[in-house]
Amino acid sequence: AGEPRTGMGTGMNVRVRFRATLAFGLTALCCSCSLPSPSLGVGDQVPDMKALTLAGDTVALGSFQGEPVLLNLWATWCGPCREETPYLQTLHETYSERGLRVVGVSQDGRDSGAAIQAFIEEFGVTYTVLADPEMIATDRYGVIGLPATFLVDREGTIRQVVMGVATPESPTFESALRRIIQ
């Protein structure tokens, strides 16, 4: 009773159901992944987190509140980080007497203490160096590439962000640096 089916309607329904299932599955997969937080910008409060000294002691970055801070996320294997380290050391030597705290937070993995120490010696680093082997900082600060530098004022407000190499050729960076140490 009725006309024979050509199969065209059934094939269309299968394709529609397949696409809907695929779209639902991809949405569920994407929503369950741990993505970095959105990048922090000028005017945002710096999030607190803990990192390790090379001796293995825990330091809360919030303990630096009240001081102007240049916070640099880096790694020993990062070429651009190696390029910018002498500049960071110069900033430390130039502005530490005016209260600037330069803090380098290594994003090297576990068991990298020897590599971090060798890096410090190679570049003559005398500013504060901490380790973040779980790379919590890259997530909290929304960083997807290294190096990343944040200038933070005494109240804990981010006043400048540099994603990539900080250089003395950046008048904006130098100006923001001078403002946070006033």
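## Elements and overall architecture

Helices (H or I, at least four residues) and strands (E, at least two) are DSSP runs, numbered from the N terminus. On this basis the predicted model contains 5 helices and 7 strands. Read from the N terminus, the order of elements in the chain is α-β-β-β-α-β-α-β-α-β-β-α.

The chain has 182 residues, of which 38% count as buried. Among contacts with a separation of 6 or more, 76% are made by residues 24 or more positions apart.

## Confidence of the prediction

The average pLDDT of the chain is 86, and a score of at least 70 is reached by 79% of the residues. Two segments should be read with this scale in mind. Over residues 3–8 the pLDDT stays under 50, and the model has 0 contacts beyond four places in sequence for this segment. Over residues 20–36 the pLDDT likewise stays under 50, and here the model has 3 contacts beyond four places in sequence.

## Strand β6 and its partners

Strand β6 covers residues 148–152 and pairs with strand β7, residues 158–163, in the antiparallel sense over 5 bridges. Strand β3, residues 69–74, also pairs with β6 in the antiparallel sense, again over 5 bridges. Individual bridge partners can be named for these pairings. Leu 73 has Ala 148 in β6 as its bridge partner. Toward β7, Thr 149 stands opposite Val 162, and Phe 150 has Val 161 as its bridge partner.

In β6, 5 of its 5 residues are buried, and the strand is mostly covered. The cover extends to both faces: Ala 148, Phe 150 and Val 152 are buried on one side, and Thr 149 and Leu 151 are buried on the other. Between β6 and β7 the hairpin has 5 residues, and Gly 156 takes a positive phi near 85° in this hairpin.

## Thr 149 within β6

Thr 149 belongs to strand β6. Its relative accessibility is 0%, so Thr 149 counts as buried, the limit being under 20%. The side chain of Thr 149 is joined to the side chain of Asn 72 by a polar contact of 2.8 Å.

Beyond four places in sequence, Thr 149 touches Leu 70, Leu 71 and Asn 72, together with Glu 84, Gln 160, Val 161, Val 162, Ala 166 and Phe 173. Val 162, listed among these contacts, is also the residue of β7 that Thr 149 stands opposite.

## The disulfide

The structure holds 1 disulfide. A disulfide is a covalent bond between the sulfur atoms of two cysteines. In this model it is formed by Cys 78 and Cys 81, whose sulfur atoms lie 2.4 Å apart.

The torsion about the S-S bond of Cys 78 and Cys 81 is about 75°, and the disulfide is therefore right-handed. Both Cys 78 and Cys 81 are buried.

## Gln 89 in helix α2

Helix α2 spans residues 79–95 and includes Gln 89. Gln 89 has a relative accessible area of 4% and is therefore buried, a class that requires a value under 20%.

Leaving aside residues up to four places away in sequence, Gln 89 touches Gly 124, Val 125, Thr 126 and Tyr 127. Gln 89 and Gly 124 are 35 residues apart along the chain, and their C-alpha atoms are separated by 7.9 Å.

Ser 112 is placed in the loop between β4 (101–106) and α3 (113–123). Its relative accessibility is 15%, which is under 20%, so Ser 112 counts as buried. The side chain of Ser 112 reaches the backbone oxygen of Gly 109 at a distance of 2.7 Å.

Technical notes:
Residues are numbered from 1 along each chain as its sequence is written. This is a predicted model: local features need pLDDT of at least 70, side-chain atom pairs count only at pLDDT 80 or more; totals for chains, interfaces and linings use all residues. Side-chain values use heavy atoms; hydrogens and water are left out. Two strands pair if DSSP finds at least two bridges between them. Buried means under 20% relative accessible area, exposed over 50%, partly exposed in between (1.4 Å probe, protein chains only). A polar contact is a pair of N or O atoms within 3.5 Å; within protein, one must be able to donate a hydrogen and the other to accept it, and residues adjacent in sequence count only if both atoms are side-chain atoms. A disulfide is a pair of cysteine sulfur atoms within 2.5 Å. pLDDT is the predictor's confidence in each residue, from 0 to 100. Contact means heavy atoms within 4.5 Å.
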